[in-house]
Amino acid sequence: MLFNSLQFILFFIVVTVAYYSLSWRGRWILLLAASCYFYMVFKPVYILILFGTIVIDYIAGIWIEKTEDQRKRKLLLIISLISNIGILAFFKYYDFLSDSVNSFFAVLNLGPQVPPLGGLIPQRIAEWITNGAGRVLLPIGLSFHTFQAMSYTIEVYRKNQKAEYHFGIYALYVMFYPQLVAGPIERPQNMLFQFHSYFKYDFENVKAGLMQMAFGMFKKVVIGDRLAMVVDYAYDNPYDHNGLTLLVATLFFTFRIYCDFSGYSDIAIGAARVMGFDLMQNFRTPYESASIAEFWARWHISLSTWFRDYLYIPLGGNRRGEYRRYFNQFTVFLVSGLWHGASWNYVIWGSLHGLYLVMASLRDKLLKQWGVILPKNATFRTLSVIFTFALVALTWVFFRNDKAPVGQAFDILGKIFTLSWNEPLRSPLNSVEMWFSVGLILFMLIKEHYFLDIPTRNTVLFYTIFVSLCVFIYFFGVFTSNQFIYFQF
């Protein structure tokens with residue numbers, strides 16, 4: 001069920017009204033049932049996979065808490081992690097690995113080829129989990145709810161979180177529909193106690209939540225999907241376009257993915273807030289960052305902090321010497337690339353961010369040795385923001401090129417770096433629509449710089465802005481079959 005659909009709007013209204021009419025017990029049952037329905041709209045049979053991991057992690061959490069022997073506790077944690085990572089790896093990476101092996105064998109003129117999964121399993125099961133070509137169909141949002149489930153057992157193991165004995169509440173922690181398929185990736189310390197709470201109706205929460213949902217929808221369908229028309233036009237056939245067209249498409253994609261993903265997060269956080277739940281912030285004006293490190297402190301915050309706490313620090317963080325720190329930084333971003341998708345384009349995208357971070361650390365080390373102090377005035381920060389934005393935008397070329405050969409991304413970059421400003425800009429939008437799109441981007445940047453959250457205390461002002469947003473969405477929204485980009489992860 002897509003957030004930018006009439007079906008979801010009706011679903012949200014019905015569930016929210018019913019939620020406030022029920023007791024605590026009725027509420028968690030309603031939310032769990034609604035979340036199951038929300039997930040099953042995509043592909044019903046995959047609810048069984050989700051249910052299986054929920055049962056394993058629920059039991060593992062209780063046993064880990066009850067077991068005193070440290071070796072047994074670690075073994076239980078490993079079993080839980082292997083079950084989660086194993087399912088993620090099977091569904092997300094089987095085709096990627098088999099294609100990579102087959103390509104390698106082809107280069108060496110070796111055989112036999114690794115067959116598609118559909119040819120290795122019973123036909124009935126293949127019909128459930130593969131497409132007509134035998135390729136694995138990825139369960140929606142698998143990477144997100146897998147990481148959220150893993151954070152629970154890890155925190156119980158670290159004794160930072162008590163095991164959840166209420167099976168329904170634990171299932172709801174994994175399946176809560178606003179953030180089930182694309183985050184934010186929550187921690188048990190922030191969510192489990194909320195599911196045990198009874199939130200009274202609070203009009204201020206309702207206003208704030210609805211406003212955040214409306215602006216999230218505005219970013220998605222008015223800005224993001226409008227920019228997508230230009231992006232898809234250029235990237236679907238990059239060899240038919242010149243460098244200037246590809247440069248504009250790349251810049252548009254830079255804002256398109258932000259509007260798409262932060263828009264989803266806004267809708268998710270807002271929908272939860274209407275019911276009284278507080279989800280973590282996932283974006284904080286990332287394109288105002290003056291460094292790559294700052295960018296990742298502002299972009300997809302729930303994922304970057306997840307990798308920090310559960311991969312970077314366990315690897316040793318910055319505690320085992322300078323070069324180990326560089327290795328840890330690069331490893332985290334390499335894994336982050338793989339988390340985003342089973343494609344060498346994603347691997348390169350993540351590796352570039354890791355390389356940026358390591359190079360920045362080396363730069364800072366050399367400047368310190370040389371006694372050079374960088375200026376801290378507004379002009380230098382502005383230049384740093386522009387440079388960081390350019391680095392991030394160039395890496396998005398690989399991200400957007402995910403389903404095409406890696407060589408195509410390098411060809412796109414080659415065209416961009418050798419463009420002529422005399423080349424004609426080709427676009428499916430006319431000049432008025434293009435400038436309108438640029439104006440929308442500027443409006444969003446200014447608004448989020450000064451008002452990350454739109455004030456809603458004044459009820460008259462709330463209704464004025466909310467209704468205006470809804471009208472603007474209705475008349476200027478691009479209502480196509482475009483799903484949220486991060487749903488595929």
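1. Confidence first: this is a predicted model, and its average pLDDT (the predictor's confidence in each residue, from 0 to 100) is 92, with 97% of the residues scoring at least 70. Confidence is lowest in helix 5 (residues 123–129), at a mean of 74, and highest in helix 7, at 97. Helices here are DSSP runs (H or I, at least four residues), numbered from the N terminus.

2. Some housekeeping before the details. Local features need pLDDT of at least 70 and side-chain atom pairs count only at pLDDT 80 or more, while totals for chains, interfaces and linings use all residues. Residues are numbered from 1 along each chain as its sequence is written, and side-chain values use heavy atoms, with hydrogens and water left out.

3. On to the inside. Buried, by the way, means under 20% relative accessible area, exposed is over 50%, and partly exposed is in between (1.4 Å probe, protein chains only).

4. Have a look at Tyr-287 on your screen. Leaving aside neighbours within four places in sequence, Tyr-287 is in contact (heavy atoms within 4.5 Å) with Thr-254, Phe-255, Ile-257, Tyr-258, Phe-295, Trp-299, Val-385, Phe-389, Val-392 and Trp-396.

5. Now the charged pairs. There are 17 salt bridges in the structure, each a side-chain nitrogen of Lys or Arg within 4 Å of a carboxyl oxygen of Asp or Glu. One of them joins Asp-309 to Arg-187, with 2.9 Å between the closest N and O atoms. That pair links distant parts of the chain, 122 residues apart: Asp-309 sits in helix 12 (residues 301–312), and Arg-187 in the loop between helix 7 (167–175) and helix 8 (188–195). Both Asp-309 and Arg-187 are buried.

6. Asp-260 counts as buried because its relative accessible area is 1%, and Lys-220 does so because its value is 0%.

7. Asp-260 also forms a salt bridge with Arg-256, where the closest N and O atoms are 2.9 Å apart. Both residues lie in helix 10, 4 residues apart, about one turn of the helix. An α-helix has 3.6 residues a turn, so residues three or four places apart point the same way. Arg-256 is buried, as is Asp-260. Put together, Lys-220, Asp-225, Arg-256 and Asp-260 are linked in a network of salt bridges.

8. At its start, a side-chain oxygen of Asn-377 reaches to within 3.2 Å of the backbone nitrogen of Thr-379.

9. Finally, Ser-336. This serine is found in helix 13 (residues 322–340) and counts as buried because its relative accessibility is 3%. Not counting residues up to four places away in sequence, Ser-336 touches Leu-303, Phe-307 and Trp-349.

Technical notes: A polar contact is a pair of N or O atoms within 3.5 Å; within protein, one must be able to donate a hydrogen and the other to accept it, and residues adjacent in sequence count only if both atoms are side-chain atoms. Helices (H or I, at least four residues) and strands (E, at least two) are DSSP runs, numbered from the N terminus.
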